[in-house]
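Here is my note on this model, point by point. Please read it with the coordinates open.

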Amino acid sequence: MKSQPDLLEGSIPKNLLKMSLPLTATAFVTMAYNLTDTIWIGRIGTNAVAAAGTIGFLIWIAGAISFIPKIGMGVLASQYFGAGDIKKTQEILESGFTLTIIISLINFILMFLIKDIFIGFYKFDYEVAKSANDYFLGICLTFILTLTNTVLSQAFYSLGDSLTPFKISSIGLIFNVIVDPFLIFGIGPFPEFGIFGAGLATVLGELIVLFVFIFVINKRNDVLKLAFEFKYRKTYWYKNIISLGIFSSAISAFQAIVAVILNRFMAYFGPVPVAVYTIGSQIEQICWMTVEGLQSSISAFTAQNFGAKNFYRVKEVIKYSLFFSISVGVVAFLILFIFRNDLFLIFVPNDVKTQNLGAKYLMIMSISEIFIAMELGITGIFNGLGDTKTPSLVANFLNLLRIPMALIFMKFFGGLGVWISMSLSSILKGSLDFLLLHIKMKKQKILKMQ
């Protein structure tokens, strides 16, 4: 544990970066997972990309459910670990792991039940619908594996260890990058599975990650290993974990549902806009996946110091968290705007129509990247303070507003109107979150701490 940053003492920017860099690198590993699949699927064709993007929304909804144990367990474990209460930290982690097992199984069954209704909602032609079904069958086990691996990573983060999850996730990435083309195109002794193979490669990668997590935890000699033995689980922690995690889960799930409706609007103009959004959102991960990695660090840093009643240090954590988050947003804006005409070439090198529409997508969305980064960073701060409700209400209201805005903008800009509504709502979310954080700090007198 000596190599881990001390969140309660020492240089805040140095320790925040020390913890955040592995988290951010882990986020890039996840992003690379997705990009690898999309690059190879793009070689199959635009219809395959649209199909994978459609199932991607199901994965998003399933992933949103994982926020219940991830955020709830993560915040509580960080606060009690920061306060030095190891026994309660262990109880919280145990309860979080148990909830994860229950929720992941429910997740798996639920996704199978709604799969056909979901695919049919888009009214795609037979080829796209069949590809979507094939991809789902290949990737369906990730509804259990990814959720479990996400919560296990969060357990490490809550104890201030962000390096171990990065190393473990990297193993899965390397496997996925190597195996993807073999299973998709039938290289060597492998049969040609097509889009089903892309999903299967992801499942195998996540399975390896889970096995390594279990091995590493059993080799440790700390509260995490004790929690993994499931000996002293206290059921009353379930309610506390759920009450904290449900709002963050609602943010992501509601945003996914709204995105499904918006994607249906895009499908009205054919599979190309759907493929553009699928690829474009993967490229946008440069921003939001990076800040989501930073967000976990911000949440743990804020929670531990808030639990230890280091309120002046909380103020400084907030200041540096905002600086780092906004900096990522600025970099993402520059990359998306400057290279908007080139980035889609990587994914669909032979489809000029998709490339041109993709450049317009990146131009529209680049404007909001700074505000997206701000929103995610501030959400991490609110989570660390034990307030998951405020950012949830802001996000859900403004995400819902995307639907009427899209209907209005589509009358003037066609399919581009959907993306304009998304960009504008992100700007509003980041701005309102910043204002509400300032008000909260003022009420709790954190701003006056010296």
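Is Ser 426 buried or exposed? Ser 426 is buried, because its relative accessible area is 2% (buried: under 20%; exposed: over 50%; partly exposed: in between; 1.4 Å probe, protein chains only).

1. Basis. This is a predicted model, where local features need pLDDT of at least 70, side-chain atom pairs count only at pLDDT 80 or more, and totals for chains, interfaces and linings use all residues. Numbering starts from 1 along each chain as its sequence is written, and side-chain values use heavy atoms, without hydrogens and water.

2. Ser 426. This residue is in helix H16 (helices: DSSP runs of H or I, at least four residues, numbered from the N terminus). Ser 426 touches Ser 368, Phe 371, Ile 372 and Arg 402, not counting residues up to four places away in sequence (contact: heavy atoms within 4.5 Å). The side chains of Ser 426 and Arg 402 also form a polar contact of 3.1 Å (N or O atoms within 3.5 Å; within protein, one able to donate a hydrogen and the other to accept it; residues adjacent in sequence count only if both atoms are side-chain atoms).

3. Ser 421. Helix H16, residues 416–443, holds Ser 421 too. Ser 421 counts as buried because its relative accessibility is 0%. A polar atom of its side chain lies 2.6 Å from the backbone oxygen of Val 418. Leaving aside neighbours within four places in sequence, Ser 421 is in contact with Arg 402, Met 405, Ala 406 and Phe 409.

Key
Helices (H or I, at least four residues) and strands (E, at least two) are DSSP runs, numbered from the N terminus.
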